[in-house]
Amino acid sequence: ETPAIPQERAALCFEMIPFISTKQPAQPMPPQFLHRLLGALNCILESIERFRFDEIAFFFNGGKDCTAVLYLLHAVFEWYQSKHPETNESDRICLQNMPVFFLEDTNSFSEIDRFIGEVQDHFNFHVTVIRSPSMKLALKNLVETSTPCIKAVYMGVRKGDPKSETLDFFTRTDVSRGWADLIRVNPVLYWDYADLWYFLRE
């Protein structure tokens with residue numbers, strides 16, 4: 001279950017919810033989902049407190065998990081910017097200033113490519129396509145070539161996904177197995193399938 005967060009942090013994260021969508025939910029959120037939503041928002045807030053913004057990237061694959069993370073990132077960033085309106089455009093914490101990558105798969109569907117184009121237009125940000133045979137090699141190349149060096153990556157991983165049993169909101173990659181030295185940030189880790197569909201539909 002999603003780890004509990006302190007009351008004052010929960011209150012901050014509650015302020016972010018209106019930034020997710022301008023549409024009012026038809027019914028109050030189920031308490032269990034609200035708890036998981038606040039945990040996800042707090043995870044993202046903590047990430048921009050722990051790392052410089054130019055040290056964080058997002059791997060977006062167009063799937064439902066990553067799409068949920070995209071909306072959550074947008075909400076937290078918009079909320080944060082509302083608290084710091086004096087920030088220069090180039091220093092703003094926003095999707096436009098964050099490196100976003102798509103790992104191209106030779107088996108990807110044209111529908112996913114089209115969807116990625118649509119979300120780029122909707123949120124007005126850019127997705128860089130990476131051609132690599134695996135996520136491991138893609139991350140390794142990213143860390144070796146990025147300036148400044150990427151130290152953390154947002155991922156759309158949930159408990160129940162392969163090899164997710166030992167993951168937490170913040171989990172260092174296993175460098176002994178050849179992974180680049182990164183912190184994987186997993187905002188929707190504790191969400192289940194029903195949570196995702198409830199969030200995306202609402």
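I looked up Phe33 first. Phe33 is buried, at a relative accessible area of 3%. I am working from a predicted model.

Next I searched the whole structure for aromatic pairs and got 11. I picked out the pair of Phe33 and Trp191. Their ring centres lie 5.3 Å apart and their planes stand at 65 degrees, so I logged the pair as edge-to-face. The cut-off for that label is over 60 degrees. I then checked where the two residues sit. Phe33 belongs to helix α2, while Trp191 is in the loop between β6 (183-185) and α6.

Is Trp191 buried or exposed? I found Trp191 buried, with a relative accessible area of 2%. Trp191 also forms an aromatic pair with Phe199. That one is edge-to-face too, with 5.3 Å from centre to centre and 70 degrees between the planes. Phe199 is buried, as is Trp191. I noted a cluster here: ring pairs link Phe33, Trp191, Tyr198 and Phe199.

**Helix α2 against helix α6**

Helix α2 covers residues 31-50 and helix α6 covers residues 193-201. Their axes come within 11 Å and cross at roughly 80 degrees. The range for roughly perpendicular is 65 to 115 degrees, and α2 and α6 are therefore roughly perpendicular to each other.

Which residues of α2 and α6 meet? From α2 I listed Phe33, Arg36 and Leu37. From α6 I listed Asp195, Tyr198 and Phe199. I sorted this contact by class and got 4 nonpolar, no polar and 2 charged residues.

**Helix α1 against helix α3**

Helix α1 (residues 7-16) packs on helix α3 (residues 64-83) at an angle of about 100 degrees. Their axes are 9 Å apart. I put α1 and α3 down as roughly perpendicular to each other, because the angle falls within 65 to 115 degrees.

On the α1 side, Leu12, Glu15 and Met16 make the contact. On the α3 side, the residues are Ala75, Val76, Trp79 and Lys83. By class I recorded 5 nonpolar, no polar and 2 charged residues for α1 with α3.

**Gln120 and the end of α4**

Gln120 lies in helix α4, residues 110-123. I checked what its side chain reaches. A polar atom of the Gln120 side chain lies 2.8 Å from the backbone nitrogen of Val127. I then set aside neighbours within four places in sequence and listed the contacts of Gln120. They are Phe125, His126 and Val127.

The loop between α4 and β3 (128-131) holds Asn124. I looked up its backbone as well. Phi of Asn124 is near 60 degrees, a positive value in a residue other than glycine. Most residues other than glycine have a negative phi. Asn124 is exposed, with a relative accessible area of 54%.

**Lys163**

Where does Lys163 sit? I found Lys163 in the loop between β4 (152-154) and β5 (170-172). Lys163 is not a glycine, and its phi is positive, near 65 degrees. I also checked its accessibility. Lys163 counts as exposed, at 73% relative accessibility. The cut-off for exposed is over 50%.

Technical notes: Residues are numbered from 1 along each chain as its sequence is written. Side-chain values use heavy atoms; hydrogens and water are left out. Helices (H or I, at least four residues) and strands (E, at least two) are DSSP runs, numbered from the N terminus. A polar contact is a pair of N or O atoms within 3.5 Å; within protein, one must be able to donate a hydrogen and the other to accept it, and residues adjacent in sequence count only if both atoms are side-chain atoms. Contact means heavy atoms within 4.5 Å. Axes are lines fitted to C-alpha atoms, for helices over the stretch in contact, and angles run from 0 to 180 degrees between N-to-C directions. Angles under 35 degrees count as roughly parallel, over 145 as roughly antiparallel, 65 to 115 as roughly perpendicular and the rest as oblique. Ala, Val, Leu, Ile, Met, Phe, Trp, Tyr, Cys and Pro count as nonpolar, Asp, Glu, Lys and Arg as charged, and the others, Gly among them, as polar. Rings of Phe, Tyr and Trp (its six-membered ring) pair if their centres lie within 6.5 Å; planes under 30 degrees apart count as stacked, over 60 as edge-to-face and the rest as tilted. Buried means under 20% relative accessible area, exposed over 50%, partly exposed in between (1.4 Å probe, protein chains only).
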